[in-house]
Amino acid sequence: MSIAPAPSVTLDDSFARDLPELALDWQAETAPDPRLLVLNEPLATELGLDPAELRSPDGLRFLVGDAVPAGAHPVAQAYAGHQFGGYTPRLGDGRALLLGEFVAADGSRRDLHLKGSGRTPFARGGDGLAAVGPMLREYVVSEAMHALGIPTTRSLAVVGTGRHVHRETLLPGAVLARVAASHLRVGSFQYARATGDVDLLRRLADHAIARHWAGSGGGGAADAGLPYLAFFEAVVAAQADLVARWMLVGFVHGVMNTDNMTISGETIDYGPCAFMDAFDPATVYSSIDHSGRYAYGNQPVVAEWNLARLAEALLPLLDEDQDKAIPVAVEALGGFRPRYNATWSAGMRAKLGLPEDLDPAVAGPLVDDLLSLLARDHVDSTSFYRALASAARGDAEPARLLFLDLAGFDAWTARWRELGPDADAMDRVNPVYIPRNHLVEEALDAATAGDLDPLDRLLDAVTGPYDERPGLERYAAPAPQDFGAYRTFCGT
Ligand code: AMP
Ligand code: MG
């Protein structure tokens, strides 16, 4: 870290102040030759940053953590986590730093965080670095998720470091500058609980409540003087909604460990993630997910399992008497399934252009039968819902072409059309462009080799997902047959 001037940015450090036990002062490794690969100008402007300043040499040094703004106090955050079901008591930011928090006029805060900024004391055996490809994958997929209206951390920039990273081969290194409502994770609470220091756990919960639910008025448990129960219920609801939203667009996170699940309800830590093409609940992309724990269709139950781990961590705040705290936590966790089901069902009705008040006894079987048809015929989900809007307008052929079981499709479509679907409403919720796996690979490979054009074109398509545009046909099409089975790698 140098004392060269950083851009005129003001960052606060409330996390480090409130929770010093979870914040380790640290600094980024110097990047020998920082080069900007991609900058999110709209996000920069939203944050009050000057894009031109960020593009300058001092701006790049700021974006890789090399020039720290006055008053900022970079820290590596401590957390624990269940990884593929096994508990690790000390994970933490092994290759990341929280630079600080932007404070908006209304008092709300957003973290500025760097990933790939060098080894920290949490690095264990890791090198603390990140390669260009995985950082750009997070950039593309998180920005696509945001454009789809799905809560997510945002990507501000990816800067090549000029340093090589050893993976299976030597790869160019990069740092991702990420923005998030916070980086509080289920694993942050597991870590605090494991210290045995209930005061720390309470301060962490108070910090989270102040940060995410201040001014929400609480309701229910909060009004009843039970702020920590209200907090847990709010996280359960936020995660139920989030995972339902993933399921509606076919997003597979790939590594839903408790350290990769936020308290805010934002999607975080895009590693071996991918969007599903052909609808199949058993879809797994991660090369290390041998048992299919984080398969598409398992995501809701995994989220619920992770929230049970959060409940365990929070028990001392729910009641001093653990025997009384457990039934309280179990009841609150019981809110997950109805909330998930409600968000999923409302989302499916919207995808099918059907009214919100449609009788669940009609909507439920209609959706279940559709998903069976899609799975049996390996239909590309994204193409299907968009093509179905044509059927609502009177031309069923584009959707019909996607099926083998034509009689099954015709019978289902007749039932659905009886309900008077609204084609324009469908087009507002069913994307044309998602970050399809073959396009992501193409863009990352080209960027790794120094050509950023495919990345820019892909970003242009997926950040306007509902707006069909001439010339972008290949961004709407499923992978060519020769793309083969897709695998993503955690070796990020
Ligand atoms: P992730 O799978 O990226 O969510 O990371 C899980 C844990 O491993 C976190 O504690 C990370 O900080 C750490 N980690 C991942 N990759 C590296 C790396 N290259 N160097 C150091 N720590 C890492
Ligand atoms: Mg992680």
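Reader: Where does ligand 1 lie?

Author: This is a predicted model, in which local features need pLDDT of at least 70, side-chain atom pairs count only at pLDDT 80 or more, and totals for chains, interfaces and linings use all residues. Residues are numbered from 1 along each chain as its sequence is written, chains are lettered from A and ligands numbered from 1 in the order written, and side-chain values use heavy atoms, without hydrogens and water. Domain bounds come from an automatic or database domain assignment. Both domains give residues to the shell around ligand 1, so ligand 1 lies between domain 1 (2-180) and domain 2 (198-344).

Reader: Which residues come nearest to ligand 1?

Author: A residue counts as near if one of its heavy atoms lies within 4 Å. There are 17 residues around ligand 1. Those that come nearest are Gly-92, Gly-94, Arg-124, Gly-128 and Asn-260.

Reader: Which residue has a side-chain N or O atom 3.0 Å from a nitrogen atom of ligand 1?

Author: A polar contact is a pair of N or O atoms within 3.5 Å. A backbone N or O atom of Gly-94 lies 2.7 Å from a ligand 1 oxygen. The side chain of Arg-124 has an N or O atom 3.0 Å from an oxygen of ligand 1. For the nitrogen atom, the residue is Asp-127.

Reader: How many residues of the shell around ligand 1 are charged?

Author: Asp, Glu, Lys and Arg count as charged; Gly is among the polar ones. The shell has four nonpolar and six polar residues. The charged residues number seven.

Technical notes:
Polar contact = N/O pair within 3.5 Å; in protein donor to acceptor, adjacent residues only side chain to side chain.
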